[in-house]
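Dear colleague,

Please find below the structure that I am handing over to you. My findings follow directly after it.

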Amino acid sequence: MDFGILSVIIFLPMFVAFSMLILPVGAKGTRNAAFLTAIIIFILVCMVYYNFQLSGYMQFREHHRWISTYGINYSLGIDGFSLIILMLIATLIPSAYLWLWDGRTKGYWVSMLLIQTGITGTLFSQDLILFYFFWEGMLLPVFMIIGMFGTGNRVFSTIKITVYTIMGSLFMLISILYLGVAFFYEFGSWSFALNDIVQITTLSRTEELWLFAGFMIAFAIKIPLFPFHTWLLETYSNSPTGGVFLLSSIMAKLGVYGIVRFVMPIFPDLYKEFAPYFVWIGIFGLIYFGIAALMQTNIKKMFAYSSASHLGFIVTGIFTLNVYGMTGAAFLIIAHAMATGGLFLLVGKMEYNLGIKAIPALGGIAKKAPVFTVFFGIMLLCIVGLPGTNGFVSEFLIILGTFGFSPSAGVVSALTVLIAASFMFWMFQRAILADNGNDVSQMKDLNFKEIVGMLPLAFLIIAMGVYPDWFFYKIEPTIQHYLVDILEIRNY
Amino acid sequence: MNNFLLAWIVLIPLLSSMTLGLMYLFSIKVIKIPNIVFTVLGLSSPFLSFMIGFSFFLQMIGNHEIFLYKAYRWLSVDGYDIDMGFMADKLSIFMVLFITFVGGLIHIYASGYMKTDKGYGKFFFYFNLFLASMLLLVLADSPIIMFIGWEGVGVCSYFLISYYYEDTKNVQAGNKAFIANRVGDLGFIIAMITMIYYVGSNGFDYINLEAGMQNVPINVLTFIGSALFVGAIGKSAQIPLFVWLPDAMAGPTPVSALIHAATMVTAGVYMVARFHFLYDLIPNVGLIIAYVGAFSALFAAIIATKQTDIKKILAYSTMSQLGYMFIAVGLGGYSVGIFHVFTHAFFKALLFMGAGAVIVALHHEQNIFKMGGMRSKTPIVYFAMLIATLAITGIPPFAGFFSKDEILLTAFSSGEYLIWGIGVLTAILTAYYMFRLLFVVFHGKNYQESRKLHTISKSMIMPLIVLAFGSIVAGFIGIPEILGGNNLVGSWLNDWKNSSLHVEHSREFILMGINILAAVIGTYVAYKKFFNYDMAIVPKYNGIIWKKFYIDEIYDRFIVKKVKEVSIFISYKVDVNFIDMIVMGLSRGFIKSGHFISKVQNANTRFYAFFMLVGISVISTYLIMVMR
Amino acid sequence: MADSLLSYIALAMILFSIGFLGVISRKNIFIVYMSIELMLNAINLIFISLGRYYETMVPQVMAMIIIAIAAAEAAVFLSLIVVLYRRKKSLDSDIFTVLSQKDAHE
């Protein structure tokens with residue numbers, strides 16, 4: 001692996017995107033190139049997975065000087081936590097491309113490729129400035145894809161998400177720069193590498209608090225945690241299918257990833273100190289968004305709330321400070337990405353065929369499109385956390401972890417099984433199953449490509465629920481490393 | 001050792017259901033597959049499972065062997081392993097036998113009942129999946145694997161109840177069932193997690209849990225026991241989570257038979273029996289269970305006396321009988337409870353199938369007061385129903401008599417006379433409402449003689465006969481010692497505390513007499529009121545019993561509606577008018593202040609010059625004052 | 001000597017103030033222009049009197065440069081005024097609002 005496999009994974013999509021822009025290729029050619037790229041990346045990621053050692057430390061490191069005057073380096077690496085998100089990306093994106101196959105323009109495909117670069121770059125960065133670079137760079141193609149191909153009041157949503165997230169990120173940028181300067185004062189040289197930043201000892205408690213807050217605001221907006229969630233509704237509702245797919249299934253998880261990757265090692269003490277608050281914020285979000293989802297009539301907004309609800313639960317998991325909760329959170333990231341991603345693809349198709357997003361105007365889909373309904377049902381059961389799907393394994397572990405953290409929180413967090421079931425099944429009844437006399441004759445059942453695209457998701461959802469252990473063993477050493485070496489919790 | 005065959009008891013129906021599901025999709029999408037293929041596949045799996053189960057049963061006779069099979073490590077976190085393991089002890093195998101047997105008969109019946117249905121393959125997909133889940137539930141070796149089956153049963157019941165999904169009402173009924181079950185599951189999950197922390201340090205299978213229970217503080221055990229019982233309440237439709245059961249009649253009749261007879265609702269009873277080592281330690285919770293059971297039994301019986309829908313009457317009778325079972329298991333008579341589960345499976349399946357046959361014959365008419373006179377038209381169904389009714393009423397020597405008698409004996413000998421009294425009262429009511437149904441449907445004067453009956457297929461009649469026979473003899477395996485039997489059920493499951501064994505024989509006879517008397521009283525009242533009932537006018541009921549004590553309305557008003565209001569409040573008021581207001585207010589504030597400041601740039605040169613002057617003056621004044 | 005410097009500077013300041021007042025209070029663009037010239041000349045006066053006071057030639061060079069630039073400026077300014085007058089047929093400085101924020105936003 002000495003040819004810089006991570007760099008290839010990051011920059012191949014960008015290279016393809018720019019070549020497509022320069023070359024006189026039509027939408028179809030671009031789409032084929034994008035799909036081929038996704039497949040190549042899938043193969044590369046499989047190689048990474050295969051060669052990944054069972055340890056909690058960074059692997060596949062790459063290091064090049066970038067702006068050496070200020071110690072900013074191009075530095076990459078992955079550990080178990082990044083690995084699972086990487087696997088997720090590599091699996092989901094080809095499926096999504098199969099779903100978006102027809103009727104998309106060149107700009108759409110170029111944007112998708114660029115988003116992919118941004119996501120993987122964010123995932124691999126070991127340097128804070130590089131991380132920030134990709135983190136913000138990711139927004140640009142998102143901006144384009146929603147602004148150009150969205151529906152409804154798309155420009156407004158675009159500006160809302162962009163300004164909101166950039167504003168959050170600015171706090172993080174300030175924190176990053178402050179940390180860099182603090183490092184300079186302490187050690188006499190510039191560095192923004194994560195490994196160096198964690199060695200800073202001179203920060204006072206007040207400083208640390210502010211910096212912690214700076215990071216957390218950026219990530220809380222991205223996730224989103226209560227009360228930073230209002231961008232979510234319009235964005236999810238107005239995004240095109242590809243955009244909302246990537247936003248919900250991957251980009252939201254990067255907020256969680258950011259907390260684990262940066263906040264936890266840089267501020268381990270504050271992380272432990274504030275863990276109870278975040279556990280409760282997560283649980284509150286879980287319940288709040290879950291109840292809010294119940295009466296939403298716009299199906300995409302409903303899924304937005306449902307996503308937010310589960311992401312709150314993921315945040316609860318990573319702050320439980322024990323191996324159950326954190327492993328469960330890592331697992332729920334996968335489970336939720338697959339289920340939500342799949343649901344958004346399915347709903348996107350429904351919107352594409354019928355032009356309807358309102359739940360009361362739907363109904364009777366099941367009769368018209370049985371295969372569609374089967375897949376919808378599988379995704380839905382995963383969201384609900386039915387045993388036999390990976391949703392259950394992850395929710396169970398998080399509840400277990402939360403209970404270990406605080407029994408009362410554990411009991412309250414178990415409410416998730418009830419809340420998700422209520423809104424999802426009620427929606428399923430009104431939008432898909434029951435015939436409300438609405439005209440849905442335009443609804444088409446899945447074609448062959450769509451079935452092929454959806455099968456890996458459905459298969460993994462069930463396989464990971466029936467045999468979770470096989471998927472766990474590469475995550476666990478990393479989680480142990482986090483807990484024992486970084487947070488220094490020995491008796492959890 | 002052929003222990004891996006345990007897994008196949010579950011796997012056969014599971015694989016068969018998967019095949020059926022794929023074949024059904026293939027059939028509706030590509031080429032139509034004839035129904036016979038689905039029939040063969042769907043019907044063979046319960047019988048194969050039964051055969052395997054029976055082979056284990058034979059190996060168990062006369063010894064205390066427990067068969068264990070660990071298929072693979074299901075989950076391992078932090079060195080804590082949970083295996084996908086199967087365990088067959090006497091209780092599990094007992095359950096497996098009658099689940100597969102009665103379930104198989106219901107499958108046969110369904111193949112006739114659903115013959116003309118478009119979703120024939122889909123129906124058997126759900127049915128086999130249901131059976132697989134139920135078998136996993138009883139064969140699991142740890143609570144968490146049991147929970148997989150537990151939830152699988154729940155979701156299959158959802159799909160089966162909302163089988164005719166075009167009608168919103170049916171899907172609503174399915175939702176209600178699933179969500180009421182989920183409330184129970186919440187308790188189950190909490191109990192499981194508490195158990196992992198407090199009890200399961202050596203492993204999470206039943207054997208380790210049983211060993212671990214001994215050193216756990218009693219309040220923790222009480223918490224676990226209560227939470228588990230919440231799960232049982234949800235699944236077995238007891239007060240206060242019973243509301244889904246009557247609505248569950250929205251599904252096709254075989255579904256009702258399957259849910260009510262052999263599977264699903266008995267899961268709660270099974271679970272309490274499975275955790276007998278826990279409930280033995282916390283008799284107070286057991287007492288609560290018994291009381292919940294008793295009140296549910298009475299409550300359901302009262303409601304059943306006024307219902308007119310044949311399936312709803314049977315639904316409430318199920319709830320009532322489940323109440324009896326909980327009385328037994330709550331008071332420590334686990335084998336007695338399981339015995340009643342067993343006999344109940346036979347006669348309740350028979351009742352539902354008979355009702356289904358009548359319903360089919362009358363072109364899907366469900367109001368008993370629009371039936372009448374069916375005795376001459378469908379004599380086989382009549383005799384089957386008569387036997388089942390006698391069995392549920394508790395007339396000797398039919399199946400229900402022995403199990404119900406033992407339950408009441410358990411209650412009496414435990415000193416819980418109130419529960420015993422409720423039980424006897426319920427027995428009177430049971431006899432009354434069941435014979436009311438029978439008399440009205442089969443003996444009542446029919447004013448629609450001319451109507452042509454729908455034919456009942458042979459595959460529907462055959463299971464009726466088998467089950468009628470079963471309803472007669474099923475009780476014989478549990479004949480108590482005083483009647484010369486040797487209580488095979490009790491000795492089969494003999495290693496448990498069984499409080500019914502410590503009563504004087506004379507008193508036991510008296511109690512038995514009281515039970516028979518209760519059944520006769522109920523029957524007599526029903527006979528007086530409803531024999532040869534004249535149905536010139538369909539009676540209209542109202543009042544609190546007919547309205548089922550307004551429980552649905554109360555839940556709707558005080559829970560569902562409130563949650564919906566909160567939801568609207570959150571998503572349309574708080575989020576839009578408060579949180580988003582702040583966010584958008586911030587951004588609008590920036591825009592507004594931008595507008596305001598941009599007014600300064602008004603292209604008036606003289607204005608600019610004036611401000612320059614002001615600025616210069618301020619700066620120079622500052623410089624002069626400070627820098628001096 | 002210092003007294004006379006002070007009076008020169010006082011005169012220059014008075015001239016400058018008159019010029020500034022003219023810029024901000026008069027609308028006629030020619031008068032504005034003349035006021036600007038007046039201010040420039042007030043500055044020139046300060047330079048020259050300071051040059052005398054310190055007995056150095058540097059301020060005088062500056063003054064010459066200012067005069068030269070003022071001349072060049074006059075040429076550009078007057079031609080601009082002619083163009084503007086042709087556009088709007090008016091010499092009122094307030095109507096020239098092409099670069100205003102208002103048009104761009106509303």
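T297(A) is partly exposed, because 16 other C-beta atoms lie within 10 Å of its own (a residue is buried with 20 or more other C-beta atoms within 10 Å, exposed with 12 or fewer, and partly exposed in between, the C-beta atoms being placed from the backbone). T297(A) sits in the loop between α12 (268-294) and α13 (299-318) of chain A; helices (H or I, at least four residues) and strands (E, at least two) are DSSP runs, numbered from the N terminus. Apart from neighbours within four places in sequence, T297(A) is in contact with A358(A), I359(A) and P360(A), where contact means that the C-beta atoms of two residues, placed from the backbone, lie within 7 Å. P360(A) is 63 residues from T297(A) along the chain, and their C-alpha atoms are separated by 6.9 Å.

Please note that this is a predicted model, in which local features need pLDDT of at least 70 and side-chain atom pairs count only at pLDDT 80 or more, while totals for chains, interfaces and linings use all residues. Residues are numbered from 1 along each chain as its sequence is written, and chains are lettered from A and ligands numbered from 1 in the order in which they are written.

Also in chain A, helix α6 (residues 139-149) has P141(A), V142(A), I145(A) and I146(A) as its buried residues. Seen down the axis of α6(A), these fall within an arc of 125 degrees, so they line one face of the helix; the arc is that of the directions from the helix axis to the C-beta atoms. The buried residues of α6(A) pack against α4 (106-124), α7 (154-187), α10 (230-238) and α11 (241-266) of chain A.

I turn next to the chain pairs. Two pairs of chains touch, and the pair with the most contacts is that of chains A and B. Here 46 residues of chain B are in contact with 47 residues of chain A. On the chain B side, the elements that give two or more residues are α1 (4-29), β1 (67-77), α5 (143-161), α6 (168-198) and α23 (551-598). Of these, α6(B) gives the most, with 15 residues. By class, this side of chain B has 26 nonpolar, nine polar and 11 charged residues (Ala, Val, Leu, Ile, Met, Phe, Trp, Tyr, Cys and Pro count as nonpolar, Asp, Glu, Lys and Arg as charged, and the others, Gly among them, as polar).

The contact of chain C with chain B takes 11 residues from chain C and 10 residues from chain B. Helix α1 (residues 2-25) of chain C provides the largest share of the chain C side, four residues. That side has five nonpolar, five polar and one charged residues. Chain A and chain C are joined by no contact, and their closest C-alpha atoms lie 18 Å apart.

Chain B has 24 helices and two strands. Its C-alpha atoms fill a box of roughly 120 × 65 × 55 Å, taken along the principal axes. Buried residues make up 55% of the 628 residues in chain B. Among contacts in chain B between residues at least 6 apart in sequence, 80% join residues at least 24 apart.

Two helix pairs of chain B may be of interest. Helices α19 (residues 417-443) and α22 (residues 505-530) of chain B pack at an angle of about 35 degrees, with their axes 7 Å apart; axes are lines fitted to C-alpha atoms, for helices over the stretch in contact, and angles run from 0 to 180 degrees between N-to-C directions. The residues of this contact divide into 17 nonpolar, four polar and one charged.

Helices α11 (residues 265-274) and α15 (residues 334-361) of chain B pack at an angle of about 160 degrees, with their axes 10 Å apart. That makes α11(B) roughly antiparallel to α15(B) (angles under 35 degrees count as roughly parallel, over 145 as roughly antiparallel, 65 to 115 as roughly perpendicular and the rest as oblique). T266(B), V269(B) and A273(B) of α11(B) make the contact with Y334(B), G337(B), I338(B) and V341(B) of α15(B).

Finally, chain C has four helices and zero strands. Buried residues make up 14% of its 106 residues.

Yours sincerely
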